[in-house]
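Subject: Structure handover

Hello,

Here is the structure I promised to pass on. Please open it first, then read my notes below.

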Amino acid sequence: MRTARCLLVLGVLLAASSCRSDLAPFAQPVAVVHEPGEDVYLVAGSQLGVDGAAAGYVAKVRPDGAIVDRGWLEHGQRGVTLQAPRGLAVHGAVVWVADGSQLRRFASQSGAVLGPIAVPMAAVLHDVSVA
């Protein structure tokens, strides 16, 4: 059931972002995962920054579709580095983000940066799973 809800949230954001300016931060959503601690969905994606480089984000959306925080994690804000996130996982109190050749870690409640883990020989990670 959670998988179906994640796909529904991502599908709605993809469709709505093309016609609603208030959903502009969701211009290129690519991943969604449920965060059970707050009962929200984390939505990751990227868009072009003012300098033309990719600027990644992770937003929080409630199960009813209400946007909790469009820029919960944003590239260049509060020490966050996210260029082109492609996958998300939540394990315990940590949010894992597949971003380029790195796994980036953040505290699931505060969004505090916990640091990256380089994945040798990786070019572009497209998902993450934590056990």
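This is a predicted model. The protein chain averages a pLDDT of 84, and 79% of the residues score at least 70. Among its elements, strand β7 has the highest mean pLDDT, at 97. Helix α1 (residues 2-17) has the lowest, at 53. Over residues 15-21 the pLDDT is below 50. That stretch has four contacts in the model beyond near neighbours in sequence. Where pLDDT is low, the predicted coordinates should not be read in detail.

Now the sheet. Four strands form an open sheet in the order β5-β6-β7-β8, and the pairing is antiparallel. The edges are β5 (85-91) and β8 (113-118). Each has a single partner strand, so one side of each is left without a neighbour in the sheet. On average, neighbouring strands here are turned by 20 degrees against each other, direction ignored.

Look at β5 and β6 (residues 94-99) next. They run antiparallel and are joined by six bridges. In one of the pairs, Val90 has Val95 in β6 as its bridge partner.

Then find Arg104. It sits in strand β7 (residues 102-107). Is Arg104 buried or exposed? It is buried, because its relative accessible area is 12%, and buried means under 20%. A polar atom of the Arg104 side chain lies 3.1 Å from the backbone oxygen of Thr81. Leaving aside residues up to four places away in sequence, Arg104 touches several others, including Leu82, Gln83, Trp96, Asp99 and Pro116. Val95, the bridge partner of Val90, is also among the residues that Arg104 touches.

Best wishes

Definitions and conventions
Residues are numbered from 1 along each chain as its sequence is written. This is a predicted model: local features need pLDDT of at least 70, side-chain atom pairs count only at pLDDT 80 or more; totals for chains, interfaces and linings use all residues. Side-chain values use heavy atoms; hydrogens and water are left out. Two strands pair if DSSP finds at least two bridges between them. Helices (H or I, at least four residues) and strands (E, at least two) are DSSP runs, numbered from the N terminus. Axes are lines fitted to C-alpha atoms, for helices over the stretch in contact, and angles run from 0 to 180 degrees between N-to-C directions. Buried means under 20% relative accessible area, exposed over 50%, partly exposed in between (1.4 Å probe, protein chains only). A polar contact is a pair of N or O atoms within 3.5 Å; within protein, one must be able to donate a hydrogen and the other to accept it, and residues adjacent in sequence count only if both atoms are side-chain atoms. Contact means heavy atoms within 4.5 Å. pLDDT is the predictor's confidence in each residue, from 0 to 100.
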